[in-house]
There are 2 protein chains.
Amino acid sequence: MTLPDLITRHQEAVEATLQATVEGRKDPLYRMMEYQMGWVDETGTSVTSSMLRAHPTLTLGVCEALGGSVESAMPAAVAVELLYQFACVHDDIQDGTPDHGPRPSVWWVWGPAQAINAGDALHVLARLSLFSMVNHGVSTEQVLAATKVMDAASLELFEGQHQDLQIQGQVAVSQSTYLEMAERRAGALMGCAAQLGALIAGADETVQEQCRQAGRKLGLAQHLQGDINELWNATPDDAPLTIVRKSLPIIYAIETAPVAVKREIGTLFMTRVMDPQDMPRLAELLGEAGARTHCIEAAESASAAYRASLESAGVPSASLDELAAFGAHLIQHGTTGA
Amino acid sequence: MTLPDLITRHQEAVEATLQATVEGRKDPLYRMMEYQMGWVDETGTSVTSSMLRAHPTLTLGVCEALGGSVESAMPAAVAVELLYQFACVHDDIQDGTPDHGPRPSVWWVWGPAQAINAGDALHVLARLSLFSMVNHGVSTEQVLAATKVMDAASLELFEGQHQDLQIQGQVAVSQSTYLEMAERRAGALMGCAAQLGALIAGADETVQEQCRQAGRKLGLAQHLQGDINELWNATPDDAPLTIVRKSLPIIYAIETAPVAVKREIGTLFMTRVMDPQDMPRLAELLGEAGARTHCIEAAESASAAYRASLESAGVPSASLDELAAFGAHLIQHGTTGA
């Protein structure tokens with residue numbers, strides 16, 4: 001797979017800065033973090049990392065595009081990645097998912113108590129990285145502003161997670177509630193990543209907000225593509241999908257399909273822990289109800305909004321193409337592997 | 001019970017500032033926080049709060065004692081309380097304790113997934129409170145310095161928790177390892193509370209460090225008193241102590257008692273889930289091994305070190321007496337009720 005230029009250009013520096021942030025620390029607590037970051041296996045043996053680091057790439061890409069320095073933006077870029085990894089560690093516990101990408105989750109290896117701890121500590125490392133910007137020519141005012149941006153995004157992420165947990169337990173959910181949740185949950189940190197890039201490039205608040213909106217839409221597009229993949233693109237290698245999440249295709253079909261189709265979807269879906277053999281029938285029903293097409297259109301529209309917001313922010317066309325290619329790659333391939 | 005002056009003087013303002021930080025927020029996520037803060041019950045109905053708010057009291061007390069303004073220190077005082085409550089919410093999940101003080105834990109009421117979330121959000125609110133100091137005449141440099149202090153303390157707390165989880169799973173633990181863990185785990189935030197008070201009063205780094213040490217020793221003294229209470233001062237109202245934590249009296253006795261006594265303690269203790277009827281015999285054996293006396297002396301020595309460190313920091317004698325009375329109250333009565 002050919003990686004977009006934006007990723008290959010920054011990959012090495014991002015990884016080296018991330019490693020410098022975590023690896024100097026001796027307490028055994030940090031070994032769990034190194035595992036989560038993809039640098040070591042359960043036994044502490046080094047492995048080759050192949051993580052995409054989408055958030056840092058977006059921060060650096062936006063900062064460059066608006067004339068800022070990559071060196072100044074690096075601590076913020078790394079901070080968002082650490083924040084993202086913190087959220088992943090806690091997410092896996094919250095959802096009870098034993099795997100994180102191709103490997104067991106931190107809580108599955110070390111237990112939920114230690115995993116809560118490792119996540120909390122990653123959260124703090126994210127902040128410490130942000131503060132180190134004062135050593136890279138960023139003013140204390142900008143550092144404080146960046147911290148506020150990161151905190152607002154974190155709160156929005158937690159609010160989105162709360163909403164998602166509630167949605168999964170509700171019978172009827174509207175599309176607009178789902179899309180609002182998905183944009184908060186999947187877009188908060190992407191919005192933060194893009195906004196920080198603009199902030200460090202010295203952009204004004206309007207441009208910062210446009211970049212934030214761009215990042216949110218990219219996160220939303222990724223989330224919707226994930227909804228599609230879960231139902232239609234699962235490969236035989238994937239774990240059998242037995243607990244079906246409430247996702248946009250399902251919500252759309254329940255909202256719009258004829259009564260008989262709704263009833264059949266409802267019967268299949270309401271068991272929650274589904275027989276994997278019923279999956280093809282569910283996918284077929286949803287497809288007939290136009291839910292797949294609808295979800296693809298929603299993802300494409302979010303992806304177009306990502307590009308449009310960057311354009312309004314004044315990103316020059318060469319950078320715009322590069323950021324768009326990065327976005328398309330991300331939507332297609334996800335964040336866990338490069 | 002008569003409360004020390006230091007508590008009564010600040011109680012109302014602390015509580016009002018805490019409420020203003022959390023209560024303006026509409027997302028249902030914040031209802032869990034209001035419950036944790038002691039303002040509402042499970043159904044959202046207001047209840048009378050009687051929390052001691054030890055950390056804010058220490059921050060304000062130290063700041064006043066060193067000539068600083070209570071108004072400037074209030075956001076930091078409140079920030080440490082929010083940080084402490086965040087740690088409590090996650091702690092209860094990690095330890096699997098269904099109760100927090102006299103009420104069910106957040107995770108017991110809302111489930112662990114939402115509780116992880118509520119804790120994470122409290123963590124962010126703590127920071128937002130700290131940043132609001134810029135609106136109270138504190139310079140951005142001081143705010144950044146304060147944030148670093150809080151982050152360092154948080155990391156130390158997580159490292160201490162990690163160590164505690166490891167200790168509980170180990171067979172042999174030395175007293176020095178236990179005391180180091182206890183000072184980190186119970187002292188990190190108290191140290192942070194005291195240091196922030198000094199920082200905002202404009203004290204230099206030496207004085208700040210002395211105050212930090214004072215706070216750590218106060219936290220340690222409280223922890224050791226907790227060890228004693230758990231074994232010897234449990235009232236019939238307390239839940240039966242069935243899972244015995246590895247605490248200083250037990251570690252001391254295993255380290256120093258004659259072989260026959262060690263063996264009996266080991267047999268009683270190693271079951272981990274103890275028959276409550278065996279508790280009096282365990283307490284008796286530990287008492288005979290001098291473990292109670294040893295632990296009382298250790299707590300007293302930590303308490304004396306708290307006062308001595310404040311004295312080295314240049315706290316004038318009237319304030320010193322007040323801070324000492326506050327410390328004694330805290331060690332005796334704990335933090336959950338006033």
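Trainee: How many helices and strands are in chain A?
Mentor: Chain A has 14 helices and two strands. Those are DSSP runs numbered from the N terminus, with helices being H or I of at least four residues and strands E of at least two. Keep in mind that this is a predicted model, where local features need pLDDT of at least 70, side-chain atom pairs count only at pLDDT 80 or more, and totals for chains, interfaces and linings use all residues. Residues are numbered from 1 along each chain as its sequence is written, and chains are lettered from A and ligands numbered from 1 in the order in which they are written.
Trainee: What share of chain A counts as buried?
Mentor: Of its 338 residues, 51%. Buried means 20 or more other C-beta atoms within 10 Å of the residue's own, exposed means 12 or fewer, and partly exposed is in between, with C-beta atoms placed from the backbone.
Trainee: Switching to α13(A), which residues are buried there?
Mentor: Among them are His294(A), Cys295(A), Ala298(A), Ala302(A) and Tyr306(A).
Trainee: And what do the buried residues of α13(A) pack against?
Mentor: They pack against α9 (205–232), α10 (248–256), α12 (279–288) and α14 (317–333) of chain A. After α13(A) comes Gly314(A), with a positive phi near 90°.
Trainee: Now the two chains. How many residues of chain B are in contact with chain A?
Mentor: 31 residues of chain B contact 31 residues of chain A, a contact being two C-beta atoms, placed from the backbone, within 7 Å.
Trainee: Which helices of chain B supply at least two residues each to that side?
Mentor: α4 (70–95), α6 (112–131) and α7 (140–168) of chain B. The largest share, 14 residues, comes from α7(B).
Trainee: What rotation superposes chain B on chain A?
Mentor: A rotation of 180°, with 0.0 Å of shift along its axis and an RMSD of 0.0 Å. In chain B, the C-alpha nearest the axis belongs to Thr140(B), 3.3 Å from it.
Trainee: Why do you say the copies meet through the same surface?
Mentor: Because 100% of the interface residues of chain B are also interface residues in chain A.
Trainee: Last one: what does Leu189(B) touch?
Mentor: Not counting residues up to four places away in sequence, Leu189(B) touches His55(B), Val80(B), Leu83(B), Tyr84(B), Ala87(B), Ala153(B) and Leu157(B).

Terms used. Least-squares fit on C-alpha atoms with pLDDT ≥ 70 in both.
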